[in-house]
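Please consult the sequence and the structure shown here while reading.

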Amino acid sequence: MKTIVRIILFMVLLLCFYTWFSNSVPQVRGEPPVEQTVSLRGMTMEAYINLGRELFNGKGTCTLCHNA
């Protein structure tokens, strides 16, 4: 019986330590990206290429799987 109480007490103390430690780590809050509206009328080929490049390297996160 004494052993079970020691084990439970150890588990509770360990849980309290992990809870304290996880709450002491500073939280990071990311800001949402700014919404952009794109008008496709009158865009040049260079503008299309730049738009695709921004999407590939930025919001699309294509570089996680694909290489340039």
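In this predicted model, Cys65 is located in the segment that follows helix H2 (45-57). Cys65 is classed as exposed because its relative accessibility is 68%, and exposure is assigned over 50%. Between Cys65 and Glu54 there are eleven residues of separation in sequence, and their C-alpha atoms are 16 Å apart in space.

The model contains zero disulfides. Cys62 takes part in no disulfide, its nearest cysteine sulfur being that of Cys65 at 8.5 Å. Cys65 is likewise in no disulfide, and the nearest cysteine sulfur to it belongs to Cys62, 8.5 Å away.

| Residue | Relative accessibility | Class |
|---|---|---|
| Cys62 | 25% | partly exposed |
| Cys65 | 68% | exposed |

Glu54, the residue compared with Cys65 above, also belongs to the lining of the largest pocket. Which other residues line the largest pocket? Alongside Glu54, the lining consists of Pro33, Val34, Glu35, Gln36, Val38, Leu51, Leu55 and Lys59. By class, five of the lining residues are nonpolar, one is polar and three are charged. The volume of the largest pocket is about 280 Å³.

Key:
Residues are numbered from 1 along each chain as its sequence is written. This is a predicted model: local features need pLDDT of at least 70, side-chain atom pairs count only at pLDDT 80 or more; totals for chains, interfaces and linings use all residues. Side-chain values use heavy atoms; hydrogens and water are left out. On a 1 Å grid over the protein atoms alone, a cavity is a set of points where a 1.4 Å probe fits but cannot get out, and a pocket is an open set with protein on both sides within 12 Å along at least five of seven lines; lining residues have an atom within 4 Å of a point. Grid points are joined across faces, edges and corners, and a volume is the space filled by probe spheres set on the points. Ala, Val, Leu, Ile, Met, Phe, Trp, Tyr, Cys and Pro count as nonpolar, Asp, Glu, Lys and Arg as charged, and the others, Gly among them, as polar. Helices (H or I, at least four residues) and strands (E, at least two) are DSSP runs, numbered from the N terminus. Buried means under 20% relative accessible area, exposed over 50%, partly exposed in between (1.4 Å probe, protein chains only). A disulfide is a pair of cysteine sulfur atoms within 2.5 Å.
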